[in-house]
Amino acid sequence: MSTVKCMAVIGAGTMGSGIALTAAQSGISAFQIDVSSAQLERARAYHAKTLNRAVEKQKLTRPDADAALARIQYVSAMGAASSADWVVEAATENGDLKKKLFQEMKASFGSEVVLATNTSSISITDIATAVGSDASRVIGMHFFNPVPLMKLVEVIRGLATSDETTRRTIELATALGKTPVTVNDRAGFVSNRVLMPLINEAFFAWMEGVAKPEDIDEVMKLGCNFPMGPLRLADFIGLDVCHDIMMVLHRELGNPKFFPCPLLRQLVQSGRLGDKSGRGVFDYSTR
Ligand code: CAA
């Protein structure tokens, strides 16, 4: 049973807005923090739309939906959220930015507050160097998209993460209705160490003409029970994100097998990033 009453969620993008909604639906208050007011508005609209849809489908009562929405406060600065008793950073995947944010997190929140990051590939041990002697309360709390639906939280221990921080993170993930799985801090952790080479291999299969993209996906959906084919999933995640994670794996693990497929690199270079740009492997412009 977690004692967390209020989470601060830094970043109101896809992952941050999903984490705040999941908290609110689990009875935990949330500060949704972003420097961009447009991003905060998008998060608020996503929250309202998702909750309204649940009411329409009779999965939630109107009072419960209203109560969940009322649990989220949208703020533009960490200072306005300093009463939170947990903080999870879900900002852009950039190590320097994250370290800067962690310094601000250390200054803004109480000394007992766990400083979690939703990074999908950056070293927890490295991020923790930003807070010096407070590294024991830094931990990876890796959610999956779409956060309200996906059951896993990958809990990643950095070299200095304490047992107490890990225990509290497992408790909170469970209170959020997720199943936590604890892993150690190696590039890509487990999820992306395994998933990204699989996606990358699907690009090689396409590039080599083994099959058309839709057929590669159909094989994996019907033959392996994937909910989405790997190429559709790559568009959903973002081709730039997939490419960047492969580069992290390649750099950190030093094995040529992790080098991104040239076709994946080309699509990213040409601006075909997936769902978010309207076209990636597949075309979403008419959707
Ligand atoms: N937020 C909230 N609810 C959502 C949602 C979202 N973003 N997207 C879909 N839903 C809801 C829908 O409203 C729908 O609700 P109802 O049943 O009440 O209508 C329900 O979820 C099912 O949606 P759909 O019918 O549209 O779609 P589906 O049944 O095909 O499921 C899916 C969609 C869950 C995304 C499924 O295709 C899936 O599991 N795909 C794989 C996702 C995956 O692998 N995610 C991990 C990516 S890797 C990652 O995140 C980490 C990283 O580091 C890169």
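**Domain interface and ligand surroundings**

Domain 1 and domain 2 bury about 390 Å² between them, of which 54% lies on carbon and sulfur atoms, buried area being the accessible area (1.4 Å probe) that two parts lose on being put together, summed over both. On the side of domain 1, the residues that lose the most area to domain 2 are Ser120, Ser121 and Asn145, which together account for 76% of what that side buries. The structure is a predicted model, in which local features need pLDDT of at least 70 and side-chain atom pairs count only at pLDDT 80 or more, whereas totals for chains, interfaces and linings use all residues. Residues are numbered from 1 along each chain as its sequence is written, and side-chain values use heavy atoms, with hydrogens and water left out.

The protein chain is divided into domain 1 (6-184) and domain 2 (192-277), with bounds that come from an automatic or database domain assignment. The centres of the two domains, taken over C-alpha atoms, are separated by 27 Å, and 5 residues of domain 1 are in contact with 4 residues of domain 2, contact meaning heavy atoms within 4.5 Å.

A backbone N or O atom of Asn145 lies 2.8 Å from a nitrogen atom of the ligand, while an N or O atom in the side chain of His142 is 2.8 Å from a ligand oxygen atom. For Asn192, an N or O atom in the side chain lies 2.9 Å from an oxygen atom of the ligand.

Technical notes
Polar contact = N/O pair within 3.5 Å; in protein donor to acceptor, adjacent residues only side chain to side chain.
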